[in-house]
Amino acid sequence: MDLWHEFHGPNAGYVLELYERYKNNPDSVDAATRAAFDQWRPPDGVDGRGPTLETVAPGFSAPTAEKVTGAVNLATAIREYGHLAATIDPLGLANPPGDPALHPSAHGISEADLIDLPASLIGGPAAIGAANAHEAIGRLREVYSSTIGYDYDHIRLPDERDWLREAAESRRFRPPNDPMDPAILLRQLTKVEAFEHFLHRIFPGKTRFSVEGLDMMVPMLDIILGESAGAGIYNILLGMAHRGRLNVLAHILNKPYAEILQEFRDTVGEEHSAREYLGWTGDVKYHAGAIRSMNEGSPVDLVVTMAPNPSHLEYVNPVIMGMARAAGTRTNESGRPVFDPHVILPVLIHGDAAFPGQGIVAETLNLQRLRGYRIGGTIHVIANNQIGFTTSQWEGRSTLYASDLAKGFKNPIVHVNADDPEACVEVARLAFAYRERFQTDFVIDLVGYRRYGHNEGDEPRFTQPQMYAHIDEHPTVRKLWVSTLEKRGIIGPGRGEQLLEEQLDILNNIYQGLPNEPAATSEPQLPPPPGGAARHAKTAVPSELLVELNNALLARPNGFAINKRLARILDRRQDIFADPNEATVDWATAEMLAMATIIADGTPIRLTGEDVERGTFSQRQAVLRDENTGAVYIPLQNIPQARAAFEIRNSPLSEAATIGFEYGYTVQSPERLVIWEAQYGDFANTAQAIIDEFVVSGNAKWEQTSSLVLLLPHGHEGAGPDHSTGRLERFLQLAAEMNIRIANATTAAQYFHLLRRQAALLEVDPLPLIVLTPKSLLRNPKVYSSLHELAEGSWQPAIDDAQAAKDRAAVRRIILCSGKIYIDMISDHRREKRTDIALIRVEQLYPLPTDELAAIIASYPHATELVWLQEEPANAGGWDSISQRLQRLLDGKLALRLIARPRRASPAEGSMSMHAMLQATLLDRAYELPEEVTD
């Protein structure tokens, strides 16, 4: 080993000291070091006594080892902690606190000592051409403690750390080393500032969430786009909250000024009646998304997409990641999908209060290196205006920096002063280059301020009077850049203000020429085309193909040894089709067959969620493992009939980020069937914001189309309040305007046809699908189906009672129910005797199949009452939403009553015996004789 080459720079002094000790007494160093020095000889020009400082650095006298070590340690401290002395706050009010380790005295040396030491001790680009260590240390301070703070001390991978330090110290991304046209940057800053000034003047008090104080964010995004195009990445996906969103839409997405100004006028067309608007919501302008395409007249096919985002600031983060994963994944061939990180670039802009404050950020950061979720790295920009609404930094986080959360995920962080344009340019280039090289996340903490309140009608001086006293006197970054260019002689005096006035004139001319009519986004949405696609979807599959697929799913590679118990379970599926009319197909088998037929039809599938590979209840077993070698075999990726890819991934123990991810995936690639499964349906409520803001309302607000399937294990089985319910009532409350479908199937065949129908509707009638799936019923023979039902059946939104249908005139009580309670009812010993009861299954809860239900109810001419039976409490389940529809359906012809658990704050009992007693009470009430009815 060439120790002098390997341990150059900061470690050279240490090598010298060790070698001197070794020469004097070999036993004074450890065995490993002694062995290395035994094989090492001084480089050319060094005499036999070993490399002394005089021979390595001519002109310098030999200092003590303590001085050498002190200089090396000082350089190390500056590299690691120099950001703590950086001037990153444009206002000068909240710069980092510094650190004693950044002073020579902390290392037992002085400034004079550094003058007497060679620059080679400091090492790196800073030492090149430096006269001595003092000059090299000064250069390090210029790098690490100026308007950029390189926060890398948490990076543990040597390759990354060395690359980052070389990039910082060489300043190769900084103008003029990497040239930049200062006049172009001035024009960009002028457009950014003029846009805000014009809106503030023409629409005083109207909310726009100005970017002012963080103006450089817009040119930085433009630089990232340029770097991306230069690297051959033409698909950029951008997610951000509302701060600066309108400016980014105008100057990065190229949304026309006229369109934005028309939206600010907020007029409603007189040609539309108020009744037309009752079916339309839309969203505010600073939540809107956009797509910019540079296909026409451009040498590159660049597409920039900004996803819509609600006021739940950071919840777009996983959505963007899911969109990126979909955009970079090829699924048109069988087997595993192929992901290419070099075709997409995700960029997320965060708020400084929201980044550490909202848990969705940590959930999303956790996805970055997971196999089923990685996207080749995201560039994060924290739009740090040093305040959250009215909450100061020290009230809103427990960390020094807003970005410190990312340290736990070992992401490099750079803090940069938003008033230094050249520093911002350097950091933007650095972020892209790092992401391109290492394919992981990079965080830019862009530190600025907020010129107005949280919104333009808010008064910030009530709560931050000192900060805003400084802001009132502080020049904009455009003015600062104009001053810099004037000093450099690049522009003449007054040219900066002239450019600003010219841009304001452009905006004013556009505004004056606006037609007196509503903005296009204010027009009511047209009603959807006539329905029927879901009702007429063909889901039957020839029995011959089902037999072939079953055999293919059960095939395994030669010598592949799976767990013996599991092998016996799977082998039992070999003969399930011996009698095509016998109910032998369980829930999991029906699911596997449905997915096999879907990919055989050419539709890709992505199935993710908590423990989905095995299934929470060991039912799925979609991923097999050799118990001797650990090798993995996925049957659905190996069936010869497949014409599209199949992907299955266990998710992290997270709901909000993972559902958001899959939502984004479906929005980006609506032609793929995307399914997420909860460990228990109860846990989905931790993703309520994603469900509310995206899954059920994304189409109404932003015209986003999603076909995401949520599988939520549901059913009262004595497992307690947190393992009993998929919260059906919440989804029903959110259901309106045909925005989702909700189902609770009671047979394997119904589930088979439900999945196939969802796949068939992906491109003709796409909607999210919420499925309440079974737990104990997974292996209950009463839910099994036959080959005949799979091959010739179809999805039935409501199912009549075959037993009662034998003598419809005898029926007096019609019971509507859904899910597991139906199985409990038909398993009861009273079932056969009660011919006066018709037990009707409502398999589709939204949209409620009113036509089918009306026909079934009418077929029982002597019925006197209609009962809704549910195992959930009266304030949960389907009752509150469905009872109103049933009342309208009955129109007073039958009495309607409820049988359910009492209204409860908690959804289920924590005691198995209590559960059993209440469940039995429900069945008793359902089967009680007419004369016994008291409610």
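Me: Which elements do the buried residues of α33 pack against?

Reply: This is a predicted model in which local features need pLDDT of at least 70, side-chain atom pairs count only at pLDDT 80 or more, and totals for chains, interfaces and linings use all residues. Residues are numbered from 1 along each chain as its sequence is written, and side-chain values use heavy atoms, leaving out hydrogens and water. In helix α33 (residues 879-890), Trp879, Ser881, Ile882, Ser883, Leu886 and Leu890 are buried, that is, under 20% relative accessible area, with exposed meaning over 50% and partly exposed in between (1.4 Å probe, protein chains only). With contact meaning heavy atoms within 4.5 Å, and with helices (H or I, at least four residues) and strands (E, at least two) taken as DSSP runs numbered from the N terminus, these residues pack against α28, β22, β24, α32, β25 and β26.

Me: Which strands stand at the edges of the open sheet?

Reply: Eight strands form this sheet, with mixed pairing and in the order β1-β11-β12-β8-β7-β2-β4-β3, where two strands pair if DSSP finds at least two bridges between them. A strand with a single partner has one side left without a neighbour in the sheet, so the edges are held by β1 (148-151) and β3 (290-293).

Me: Which residue in β12 stands opposite His380?

Reply: Strand β8 (residues 379-384) and strand β12 (residues 442-447) run parallel and are joined by six bridges. Within this pairing, the residue of β12 opposite His380 is Val443.

Me: At about what angle does helix α18 run to β12?

Reply: Helix α18 (residues 421-438) lies across β1, β7, β8, β11 and β12. Axes are lines fitted to C-alpha atoms, for helices over the stretch in contact, and angles run from 0 to 180 degrees between N-to-C directions. On that scale, the angle of α18 to β12 is about 165°.

Me: What percentage of the residues in the protein chain is buried?

Reply: The secondary structure of the protein chain comes to 34 helices and 26 strands. Of its 935 residues, the buried share is 57%.
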